[in-house]
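Please examine the sequence and the model shown here.

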Amino acid sequence: MYLEGLKIFCDVVRHHSFSRGASANGVSQSAASQAILQIEKNVGTDLLDRSKRPWELTPEGKLFFDGAQDIVNRYLELLEAVRRHQAAA
């Protein structure tokens, strides 16, 4: 699911670590890297500047992160609301 890739991207950026972002999502570091590469392919530009150590977000990456973070947070809030509603029923 594309949303899972967005969450991986956000967690990698938040943790500033592929391995910690991957771990937060229960995937391998390689899978996290592939998810971000797929997003970059879909967006049509690099979101991370991997030529720098440590890597940095590109300007497009910063823009994408802000939007993706909002989408992921809203999705997680929606899941929680549905679970609360289900539990109350």
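Does Glu-40 count as buried or exposed? In this predicted model, Glu-40 counts as buried, because its relative accessibility is 5%, below the 20% limit for that class. Arg-50, at 29% relative accessibility, counts as partly exposed.

Helix H3 covers residues 29–43, and the 21 Å from its first C-alpha to its last is close to the 21 Å expected for its 15 residues. Buried within H3 are Ala-32, Ala-35, Ile-36, Ile-39 and Glu-40. Viewed down the axis of H3, these buried residues fall within an arc of 135°, so they line one face of the helix. An α-helix has 3.6 residues a turn, so residues three or four places apart point the same way. The partners against which the buried residues of H3 pack are helix H1 (2–15), helix H2 (18–24), strand E1 (48–49) and helix H4 (59–88). Just after H3, Gly-44 takes a positive phi of about 90°.

Most residues other than glycine have a negative phi, and most peptide bonds are trans. His-16, in the loop between H1 and H2, is not a glycine, yet has a positive phi of about 50°. Its relative accessibility is 36%, so His-16 counts as partly exposed. The peptide bond from Arg-53 to Pro-54 is cis, with omega near -5°, and Pro-54 lies in the loop between E1 and strand E2 (56–57). In the loop between H2 and H3 is Gly-26, which is exposed because its relative accessible area is 67%.

Charged pairs complete the picture. Six salt bridges are found in the whole structure. One of them joins Lys-52 to Glu-56, with the closest N and O atoms 3.6 Å apart; Lys-52 is partly exposed at 38%, and Glu-56 is partly exposed at 39%. In helix H4, Glu-80 and Arg-84 are four residues apart and therefore separated by about one helical turn. Their side chains meet in a salt bridge of 3.9 Å, N to O. Lys-7, Asp-11 and Arg-14 are linked in a network of salt bridges.

Methods
Residues numbered from 1 in each chain as written. Predicted model: local features only at pLDDT ≥ 70, side-chain atom pairs only at ≥ 80, totals over all residues. Heavy atoms only, no water. Helix = DSSP H or I, 4+ residues; strand = E, 2+ residues; numbered from the N terminus. Expected span 1.5 Å × (residues − 1). Buried < 20%, exposed > 50% of the residue type's maximum accessible area, 1.4 Å probe, protein only. Arc of directions from axis to C-beta. Contact = heavy atoms within 4.5 Å. Salt bridge = Lys/Arg side-chain N within 4 Å of Asp/Glu carboxyl O.
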